[in-house]
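User: Please walk me through this model with questions and answers, giving the cut-offs behind each term as it comes up.

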Amino acid sequence: MYSGKVWALKQFSLELGPGVLGLVGPNGAGKTTLMRILATVTRATEGRITWNGVDTARSPDALSAELGYLPQDFGVYPNLNAIEFLEYMAAVRGLTGRPARRRIDELLEVVNLVEARKRPLGSFSGGMKQRIGIAQALLNDPKLLIVDEPTAGLDPEERVHFRNLLSELAGQRVVILSTHIVSDVEATATQMAVISHGRLVTHTSPEALLKSVAGKVWEWVIPSSALAKVKESFLLSAATRRSDGVHVRVVDEKSPHPDATPIPPTLEDAYLDCISAHREAAAT
Amino acid sequence: MNTVRVLYHLALADFLERVRRYSFLLTLAATVYLGYAVIVDDVKLRFGDYRGVNNSAWVGLQMAMCATIFVSLAGFYVVKNTVGRDIQTRVGQILATTPIDKLDYLFGKALSNLGVMAVIVLVLAVAAAVGQFWAGQDLRVELWPLLAPFLLIALPALAFVAALAVFFETLPGLRGGFGNVMYFFLWVFLLTYGPEAHNAFADCLGFGLLESHLKVGLYAQLPDYHGGMGIGILTGLHSYKSFLWQGFAWRIDLVSMRLYWFAVAFALILLAAVLFDRFDPARGFLRVRPISAGPSWWHHLAPWRRRAATADARGDGAMNGAAARKPMVHLSPLSPAALRFRAAAVLLAELRLMLKRQRWWWYVVAAGLLIASLANPAQEARRELLPWVWLWPILIWSAMGTREARHQTDELIFSAAHSLRRQFPAAWLAGVIVAVLMGSGVALRLLLARDWAGLLGFAVGAVFISSLALAMGVWSGTGKLFEAVYIIWWYIGPVHHDRNLDFMFTSPQSFSWGVLRFYILAAFLLFGIAVLGRRRQIQA
């Protein structure tokens, strides 16, 4: 709870095992707060988080020794180069000597920064800094990897590369991926948690979430002038302008228009339906 | 009209942003304490053996002079972050895209600076009125004699300081810690040169003007009067004689001399507007060195480094396109044995972090000081050189405890296991090592001279500096507090050999077991305070 009695997270319960958990929700839903609490950076005013049965508030070091964390906003020391920064972070995380050097070399290859390893970090682009962030999160071979908006600032190729890496890492560890980019979750997550207004809306598999909107996604073509009316009346998932008009994609129980045809749902359709249903339930 | 509105909103937003901070509350607390100290006569103004009867004119003058001294020094450090904050928060990049011109922007910032300092002066003006009742010698409150020194002595001086703070912030070289240190020397110059110059146009703080006019009155009233003006913490049971002073006759020429400083302030803002880069480091008149994508200077020192540098310079181009085509690199699992904490590794990492940001000339000067220390006899090195040897790394120490927040690496470091027990003591010890390395010439001289007391004082000084820096950095979140406090302490203690404040024990006379014990205790207390502060940050 923030000062002013605003709850960032409330009635939130979740149990996780190995795999990638995609954490999605609208802005201000509480995703970053949850990540910070899980990473022991913020202490919850109430409630309990356990890691292998140990309360992380009481013994944060039990978790942090096995934690890799990439915050949403982070910085680097601009006068150090990539190797020096990772060596510093490795020392702070208790990894030194030959194993540290070998790990850093591997990580620089993984995040594709070998060529730039001796450049001062102050000269790095946003995407390169993000990749350094990813590398430092993996330094200690974490059992729990928490990444908050990890693909922000990455170019499409690097994003694909990172998604593959996450999928590979997920084998024997818990990965929590918070993002606004549903396609990242689609590509990597084995489980999904949707949160809104600090509450857990659903915790399920992407397949189950997709199944919940099967037969509820419709598409048809409308003139541009009718777009505003469709937006008002239906839950619009996408609108694409083409030569024959605007192709609208709508999530609805019933066929919204005589010309509408049912189409296979995407995870984004399912997410929008889930959030919309939660908002309606909260309003009534 | 539009410009006035822009200025008003710019200054108001900046003013509100600052007065709503915790640090401003602390500044107000210090101000109230100063007001109290003047009221209860701990801080006083005197002319030779004379002090004025506590009427409105005298209490107003005394408080206004204290306000001018205090706010012109502390106020500068309080307000010198307005442009810097826009750079740090990246609001500046948004402002740079708006039609506001550089002069309007900087003038608004200077107005906000003056507004913040004016609030402090207002608090002290109220304290002056309270002080008149407290003293109880003359209960008639006369507003003009009470307030005129605040309006015509303090405010013009502070307008100059407000503009100077903006000017410092527009020059990349003076924007950071170096500017903070330089200002102290400038302030000492303003404080001492003004009254001595006997020229009102060089007397920013107005003390020369006050002294000369008050002395005329004193000579007229008291033919046997002799002595100079003194203000500060005047201790002892000295009994002062009283004289009646009814206030200044503020003639137009005197008022003009004071208003002249508003014009100087405006000229300074004009100059700052010429030099200001408008948040584009590539465009500024005096450009800051950007962090080059090329190799650092020490890469040129050895052939093998040059080869590595050439390979690096070829680097970045191949990165992006190759990413998707590259085969997946698999990470080898780490054995639990690899994750074994080594204190020496963290200490070395901290030391490297501290020293890496220094430019080559910093090392040249440091080496010069080291050689000079070795070339001089022990007592001379200790007395004359140690203060300068331990002034040189001030910006290294002032970064302690603030680096994580400043570079936004706090979440990365605080989420590491045992961060408080491992990284934090290493950072403190690295600060001590910097002090020992810098002063190693003096220490060696003391060792050769078998001056064990001097060596002990040296060790305590090194530990005290690091503890002070870390505590102030962690609790203030900025290096400015340490820079300001350290330089003032350094000037009074080690430079002027004030026995109680000489934490470097620069002479056998400054060394006593009592003072030594005090600094040992203070060092451990400060380290404890720093640990508490860091614990609070980690558990935030």
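This is a predicted model: local features need pLDDT of at least 70, side-chain atom pairs count only at pLDDT 80 or more; totals for chains, interfaces and linings use all residues.

**Domains, helix pairs and sheets**

User: Which element gives the largest share of the side of domain 1 of chain A that touches domain 2 of chain A?

Analyst: The contact (C-beta atoms, placed from the backbone, within 7 Å) takes ten residues from domain 1 of chain A and seven residues from domain 2 of chain A. On the domain 1 side, helix H7 (182-188), E7 and E8 of chain A each supply at least two residues, where helices (H or I, at least four residues) and strands (E, at least two) are DSSP runs, numbered from the N terminus. The largest share of that side, three residues, comes from H7(A).

User: Which residue in the turn between E7(A) and E8(A) has a positive phi?

Analyst: Strand E7 (residues 191-196) of chain A and strand E8 (residues 199-204) of chain A pair in the antiparallel sense over five bridges, pairing being assigned if DSSP finds at least two bridges between two strands. A:Met192 has A:Thr204 of E8(A) as its bridge partner. The two strands E7(A) and E8(A) form a hairpin with two residues between them, and the turn residue with a positive phi, of about 50°, is A:His197.

User: Which strands stand at the edges of the open sheet of four strands in chain A?

Analyst: The order of this open sheet is E10-E11-E9-E12 (chain A), with antiparallel pairing. One side of each edge strand is left without a neighbour in the sheet, because each has a single partner strand; these are strand E10 (235-242) and strand E12 (261-262) of chain A.

User: What angle does the direction of helix H10 (residues 267-283) of chain A make with that of E10(A)?

Analyst: Inside the sheet, strand E9 (residues 217-222) of chain A runs antiparallel to E12(A) and is joined to it by two bridges. Helix H10 of chain A packs on the sheet and touches E9, E10 and strand E11 (245-251) of chain A. Since angles run from 0 to 180 degrees between N-to-C directions, with axes fitted to C-alpha atoms, for helices over the stretch in contact, the value given for H10 of chain A and E10(A) is about 140°.

User: Which residue in E11(A) is the bridge partner of A:Trp220?

Analyst: E9(A) and E11(A) run antiparallel and are joined by six bridges. In E11(A), the partner of A:Trp220 is A:Val248.

User: How do the residues of the contact of H3(A) with H5(A) divide by class?

Analyst: H3(A) and helix H5 (residues 126-137) of chain A pack with their axes 10 Å apart, at an angle of about 35°. From H3(A), A:Ala82, A:Phe85, A:Leu86 and A:Met89 meet A:Ile132, A:Ala135 and A:Gln136 of H5(A). Ala, Val, Leu, Ile, Met, Phe, Trp, Tyr, Cys and Pro count as nonpolar, Asp, Glu, Lys and Arg as charged, and the others, Gly among them, as polar. On that basis the contact of H3(A) with H5(A) has six nonpolar, one polar and no charged residues.

User: Are H9(B) and H10(B) parallel or oblique to each other?

Analyst: The axes of H9(B) and helix H10 (residues 207-221) of chain B lie 7 Å apart, and the angle between them is about 40°. Angles under 35 degrees count as roughly parallel, over 145 as roughly antiparallel, 65 to 115 as roughly perpendicular and the rest as oblique. H9(B) and H10(B) are therefore oblique.

User: Which helix gives the most to the side of domain 1 of chain B that touches domain 2 of chain B?

Analyst: Chain B is divided into domain 1 (2-233 + 242-275) and domain 2 (341-538), and the C-alpha centres of these domains of chain B lie 32 Å apart. Six residues of domain 1 of chain B and nine residues of domain 2 of chain B make the contact. With five residues, the helix that gives the most to the domain 1 side is H9 (residues 177-197) of chain B.

User: How is the side of chain A that touches chain B made up by class?

Analyst: In the contact between the chains, 53 residues of chain A meet 47 residues of chain B. Helix H2 (60-64), strand E4 (67-70), helix H3 (82-92), helix H4 (97-110) and helix H6 (156-169) of chain A each supply at least two residues of the chain A side. By class, that side has 22 nonpolar, 14 polar and 17 charged residues.

Terms used. Residues are numbered from 1 along each chain as its sequence is written. Chains are lettered from A and ligands numbered from 1 in the order in which they are written. Two residues are in contact if their C-beta atoms, placed from the backbone, lie within 7 Å. Domain bounds come from an automatic or database domain assignment.
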